[in-house]
Amino acid sequence: MISGSERAFTDLEAETSFARISHRLERLYNIMQINRHKVEEEKAELQSLLSDISHQTKTPISNLKMINDTLLARRMTEEKQKEFLQAAGSQLDKLDFLIQAMVKTSRLETGVITLEKKKVPFTDTLTAALNSVLAPLERKQITLFVDCPDNLTFYHDSRWTAEALYNILDNAVKYTPAYGSIRVNVQEWEMHFKIDIEDTGRGIPEKEQAAIFKRFYREEAVHDIDGIGIGLYLAREIITMQGGYIRVTSNVGNGSTFSVFLPKNKMS
């Protein structure tokens with residue numbers, strides 16, 4: 001014969017077990033919903049990426065087909081053939097640059113490449129970035145000013161930081177007119193190292209300043225200048241992965257300043 005107190009205890013134990021099971025099922029459901037949402041986001045990101053790649057490669061591929069068809073169908077002088085071949089080479093360079101940029105971005109986003117912070121002289125990093133833009137600087141006769149302490153050494157990934165700075169510098173060279181100037185100033189702050197890259201280019205409208213770091217984003221006003229709109233996106237990803245950030249200040253007609261902040265803390 002089961003007493004009333006024993007029955008009450010059994011009922012309470014059953015309710016407790018049911019509540020425990022219900023709680024676990026609820027947690028499992030929430031985890032499944034989160035995973036489902038994550039899969040949907042990744043799928044949408046992949047679709048967006050494929051759409052972006054398709055859009056970006058369409059123009060150079062169409063141009064290459066047109067050049068090829070023209071060379072096959074028309075008789076022309078050797079000089080004219082050379083012009084068409086140079087145009088084809090330019091389109092191939094665009095495709096190569098796009099593919100390389102996409103590979104770098106993909107590797108960073110998927111974690112295939114991880115950034116390795118070491119204590120190295122920042123002058124080596126900055127020199128590597130500057131060397132990559134010397135030729136276009138010379139062609140446009142843009143004056144370059146650099147102010148960087150010689151003894152500045154701190155923890156950062158030299159190779160990828162140079163890639164980020166190169167992308168910002170390349171952007172500055174593209175949008176600075178001939179005979180303009182670019183200034184690079186490096187300062188040590190209390191919590192960060194600050195690298196300013198200032199140009200005398202066309203400037204960026206305030207409403208566009210947040211959007212310029214999006215992948216493949218380009219202002220309508222600059223479509224006459226070569227570019228695919230991935231350099232600043234890649235630069236921000238690299239700096240963010242090191243615990244830093246990028247800030248831009250600009251006024252239309254008065255140039256732009258991109259400020260890169262890298263943390264002093266090794267563990268950032």
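I started with S250, which is buried at a relative accessible area of 12% (buried means under 20%, exposed over 50%, partly exposed in between, with a 1.4 Å probe and protein chains only). A note to myself: this is a predicted model, where local features need pLDDT of at least 70 and side-chain atom pairs pLDDT 80 or more, while totals for chains, interfaces and linings use all residues. Residues are numbered from 1 along each chain as its sequence is written, and side-chain values use heavy atoms, without hydrogens or water.

**S250**

I found S250 in strand β6 (residues 245-250); strands are DSSP E runs of at least two residues and helices H or I runs of at least four, numbered from the N terminus. Its side chain reaches the backbone oxygen of G255 at 3.0 Å. I also looked at the side chain of S256, which lies 2.8 Å from that of S250 in a polar contact (N or O atoms within 3.5 Å, one able to donate a hydrogen and the other to accept it; residues adjacent in sequence count only if both atoms are side-chain atoms).

**Aromatic rings**

I counted four aromatic pairs in the structure (ring centres of Phe, Tyr or Trp, the latter by its six-membered ring, within 6.5 Å; planes under 30 degrees apart are stacked, over 60 edge-to-face, the rest tilted). F122 and F154 are stacked, because their centres are 5.5 Å apart and their planes at 25 degrees. This pair ties helix α3 (F122) to strand β3 (F154), 32 residues apart in sequence. F122 is buried at 0% relative accessibility, and F154 is buried at 3%. F154 also stacks with F193, at 4.0 Å centre to centre and 15 degrees between planes. I noted that F122, F154 and F193 form one aromatic cluster.
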